[in-house]
Amino acid sequence: AQPLLEVRDLQTHFELEDGVVKAVDGVSLTVPRGRTLAVVGESGCGKSVTARSILRLVERPARIVGGQILLYGDEPSDDPLDLLAAKDKRLREVRWSDIAMVFQEPMASLSLVHTIGNQIVEAIRLHDEIGKVAARERAIEMLGRVGIPDPKRRIDSYPFELSGGMRQRAMIAMALSCRPRLLIADEPTTALDVTTQAQILDLLQDLQQELGMAIMLITHDLGVAAQVADEVAVMYLGEVVEHGPATSVLSAPKHPYSQALVRSVPRLGQRGQARLAAVRGTVPPPYERPSGCRFHPRCDAFMAGKCDLTVPTRVRADDTDVACLLYGEENR
Ligand code: SF4
Ligand code: MG
């Protein structure tokens, strides 16, 4: 089936005085319609930069230097819109109404000088032909649904009057009030306590059912991914090394990096390791990418003379796409 969003060979670089950091270095992935893709990987792998690049929300010194980001229409015959090539005006129309984004730190997207109610009402009315009263009703309903107590009163709060958890809920309410086709959520629950986190993840799944919305969830937490994802993309050093159904990637990962990540989470690891096994070695310095396979200095399956020389092609193995020389005729 046609995806909702397709990222093709995305390149987002940080152009610093000392050199260029290729934070996103050829990311390709698809987000399925009405379902949840979790993008996982260690911090610094380029997950957040990928997410922000989709709506062109990167700022200097970061710059999108290549790739395509295709947003498909409802009909298979509709031409996709390339968000990287779209005019600013068109992109503003897409934000909120087609694609809404929630960040780890809600203060980054909430205005300090307006009540949350006014911000939500404004976001709704930017894209929906609906009156102020109706928009306010919808905002109150959504604030209630994200678990904000007494939403009729809280709607007139300023962001600083709310706790961190409440602000995050308000941010999610704002995103969902616009009924986007895609919600991009970057570590939306990381700063919250476990109970609130579970409530918000449940809520996202309920609303996904109800609104038919796709979710791209950025998380370093494989437990969260296991709870909500239909598909999982694993990122390492600015690229996607494995992408497939969540059940396959999380229970029988193919790429040695995915295997190491899954092993590092005891209740996901199949053999019930008692101790947490962190991924061996450290992420290499940002200015230099290892030759050949980027993961080779840390890989348990490293093949000398091969993995350090040859860049793996991404191939299909069973129901999963994987970039590792252990798989595929192309890589033999
Ligand atoms: Fe490991 Fe080689 Fe596969 Fe890279 S290509 S993940 S180094 S086995
Ligand atoms: Mg991040």
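This short talk covers a pair of helices, a few strands and the surroundings of a ligand.

The model is predicted, so local features need pLDDT of at least 70 and side-chain atom pairs count only at pLDDT 80 or more, while totals for chains, interfaces and linings use all residues. Residues are numbered from 1 along each chain as its sequence is written, with chains lettered from A and ligands numbered from 1 in the order in which they are written.

I start with the helices. Helices here are DSSP runs of H or I with at least four residues, and strands are runs of E with at least two, numbered from the N terminus. Helix α4, residues 132-145, packs on helix α6, residues 164-177, at about 130 degrees, and their axes are 9 Å apart. The axes are lines fitted to C-alpha atoms over the stretch in contact, and angles run from 0 to 180 degrees between N-to-C directions. The two helices are therefore oblique to each other; under 35 degrees counts as roughly parallel, over 145 as roughly antiparallel, 65 to 115 as roughly perpendicular, and the rest as oblique. On the α4 side the contact uses R138, A139, M142 and L143, and on the α6 side A170, A173, L176 and S177; contact means C-beta atoms, placed from the backbone, within 7 Å.

Next, the strands. β1, residues 5-16, pairs antiparallel with β4, residues 62-71, over eight bridges. Pairing requires at least two DSSP bridges. R8 has Q68 in β4 as its bridge partner. β1 is also joined to β2, residues 19-31, by nine antiparallel bridges, and these two strands form a hairpin with two residues between them.

Last, ligand 1. Among the 14 residues around ligand 1, the nearest are C293, C299, C307, C324 and L325; near means a C-beta atom, placed from the backbone, within 6 Å.

Notes
Two residues are in contact if their C-beta atoms, placed from the backbone, lie within 7 Å.
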